[in-house]
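Subject: Structure handover

Hello,

Here is the structure I promised to pass on. Please open it alongside this email; my notes follow below.

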Amino acid sequence: MALIRFLIRRILTGIVVIWVVASASFLLFFARPAETVARSLAGRAASPAVLQNAINQLGLNQPILVQYGHYVSRLVHGNLGFSYYDQESVNTILKQDLPPTASLVAGAVILWLIVGLGVGILSATRARSFFDRFATFGVLAGISLPTFVLGELLLLVVFLPLNEHGFHWIQDGYVGPSGGLGQWVGHMVLPWVTLATVQAAVYTRLSRGSLLDTLGEDYIRTARAKGLSERVVIYRHAVRAAMTPVVSQLGVDLGALLGGVVVVETVFGLGGLGQVSVQAVDTDNLPVIIGFVIVAALFVVVANIIVDMCYALLDPRIRIT
Amino acid sequence: MSIATEFAAEAHATESAPEQAIEGRSQWYLTWRRLRHDRVAVGSVVVILIITLLAIAAPLFVSLTHHPPDSTYPLTGTTAAGLPVAPGVHGFWLGTDDVGRDLFIRILYGARVSLFVGVVTTAIAAAAGVSMGLIAGYFGGWVDAVLARFIDAVLAFPYVVLALALAVVLGPSLPVIIGVISFFSWAAISRIVRGQTLSLKEKEFVEAARSLGASPWRIMFLDILPNLLAPVLVLATLAIPQAIVFEATLSYLGLGIQQPTPSWGNILAEAQNFYQEAWWFVVFPAAALLITTLAFNLLGDGIRDAMDPRTERVFAAGRKRRRRGRAPARTVAVTAAAGGPEQPSSAAS
């Protein structure tokens, strides 16, 4: 019962957040002088008549509130509008470009959590050891390394030599899992590593610090005093409690992850939502960008609700209210 | 026998302690002393200073090499096939880029952009973050509720996506970049300042100030703020490399600094089409970026460790436990302890 009430409240706030994001992007984009929009569409040398025609076609001559009304009612019906150039539905464009992005995010999140939490736990239980020092330095290097630099360096030192020596498993571009699982992994492995590295570094640091704090707690000493094995103390008693701040951070970082998606897709030429949006920026194709912004906001909101529920499941002290 | 030596060493340590005059040491003095012994942090400061000097001295190198940052050298700067020239050829120290410009000079001018953006955005973000955090934490109630929600929203928003949008509407330029990066950097600072303010405002000295009739603004900025300087300093040091990475990323995507003005991000964006033919085109700007951000991150970590009073005790406890575990190491430990209890810790870290 409490869970249902929690869900309803979170979904309502989520809708408000998406409405704010949608309205903000409307203001950003459509509050521009109509001529700028029409000119970028009709071309620099367009005659005034052509310009006027374009303005009329886009409905840019209507009062701003009327335009806003149209915009919101379209969104409510799940219609993200139409591309300026070929009148193709933004929904279709985004749907087409979803598979590379979904593959990228899914693989990278799994890799990032396994490496981040795993190395963090190992470092914390072997604090000040050689492994811990090495991991700490790796974390700093990972945090300092911008995603696109790591991607370019991987292309230079992994992709290029391998292909020059006739080893063609690792490729750039995108091939779906339907084209053979091995090939899919070959295309995705570098993007996954690139996207996961920075985040994994952050999570290694976070889980290490959190676990070190937890291991200093009195109840851990009690557990040790009871004669429990070190394995039980760490994995049953400490890790579970130490993971709660890590999970709550996860919701925040999913937004940052989407930024990484834009970069990684551009570096490796995967196509996907991010690369399409960057291309849309180059061509001033506003509806596509708005579509991406709204889809991104939706993703973050939904992911945050899921994370909050996991949070409550993990820590019995937190009651869903 | 070995137990006896350990007791002796401990007794020696407690005996020698009262000999030192007891003097009041401020938190800042202790931090400074620990930081000075942290070789990694000192090294980072040196690296940052060198990079800053190189950036300031960029025109000097131009007059030395006679290669202004925007000039192209199609004859000497590119090969017959129109590709970049390797490092050291024709007087280009680090080679050239795809249109035959001096890569070394462009990296130096790129450092100016990166450092400027990093420092300016961090200053803006710190000022905004501290003010918002103080207001939210001190006033509480609905002010806090609204601000805290807003902070959460900013933190969770996919910022590259919004930067894409802003770049289209406003057109990419340095002020827009600084505005965008500042807007997404203040929230993290704000959240921590808010938390600290919440606990500090319950302290007696705040109550004393209030009973003297001090205004809320006076209490916030004159009584509470000085107690927050330490965490804000750490956050600011760590925010600089983030801002540098952010600027480079925007420029890489074509949303930041535009050609022909060099920036590490837009150099790397061009380099991406030539990584098969010209490794130096990728490696040198990438190295410049990595060294700079790594130095700031290491320095920030060093300051954090130096300010955390727990750090030294945690390390000491770890050493003690390990020393007990390994019997043969004891003699080494005792001789080290005889040299003074503080020395080995700084040498080990």
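Chain A and chain B bury about 3800 Å² between them, and 74% of that area is on carbon and sulfur atoms. Buried area here is the accessible area (1.4 Å probe) that two parts lose on being put together, summed over both. Three residues, A:Arg128, A:Phe148 and A:Glu152, supply 16% of the area that chain A buries against chain B, more than any other three residues.

Before you read on, some ground rules. This is a predicted model, in which local features need pLDDT of at least 70 and side-chain atom pairs count only at pLDDT 80 or more, while totals for chains, interfaces and linings use all residues. Residues are numbered from 1 along each chain as its sequence is written, chains are lettered from A and ligands numbered from 1 in the order in which they are written, and side-chain values use heavy atoms, with hydrogens and water left out.

**The interface**

In contact terms (heavy atoms within 4.5 Å), 45 residues of chain A meet 41 residues of chain B. The rule finds 1 salt bridge across this interface. A salt bridge needs a side-chain nitrogen of Lys or Arg within 4 Å of a carboxyl oxygen of Asp or Glu. A:Arg205 forms a salt bridge with B:Asp301, and their closest N and O atoms are 3.0 Å apart. On the chain A side, α11(A) gives the largest share of what touches chain B, 10 residues. Helices are DSSP runs (H or I, at least four residues), numbered from the N terminus.

**Helix α8 of chain A**

α8(A) covers residues 147-164. Its 18 residues should span 26 Å at 1.5 Å a residue, and the end C-alpha atoms are 24 Å apart, which agrees. The expected span is 1.5 Å times one less than the number of residues. There is a kink of about 35° centred on A:Leu155. That bend is the angle between axes fitted to the seven residues ending there and the seven starting there.

Buried residues (under 20% relative accessible area, 1.4 Å probe, protein chains only) of α8(A) include A:Phe148, A:Glu152, A:Leu155 and A:Asn163. Their cover comes from both chains: it includes α9 (181-215) and α11 (230-268) of chain A, plus α10 (216-252), α11 (264-271) and α12 (279-307) of chain B. A:Gly166 follows the helix, with a positive phi near 75°.

**Chain B**

Chain B has 15 helices and 0 strands. Of its 349 residues, 45% are buried.

Best wishes

Definitions and conventions
Helix = DSSP H or I, 4+ residues; strand = E, 2+ residues; numbered from the N terminus. Buried < 20%, exposed > 50% of the residue type's maximum accessible area, 1.4 Å probe, protein only.
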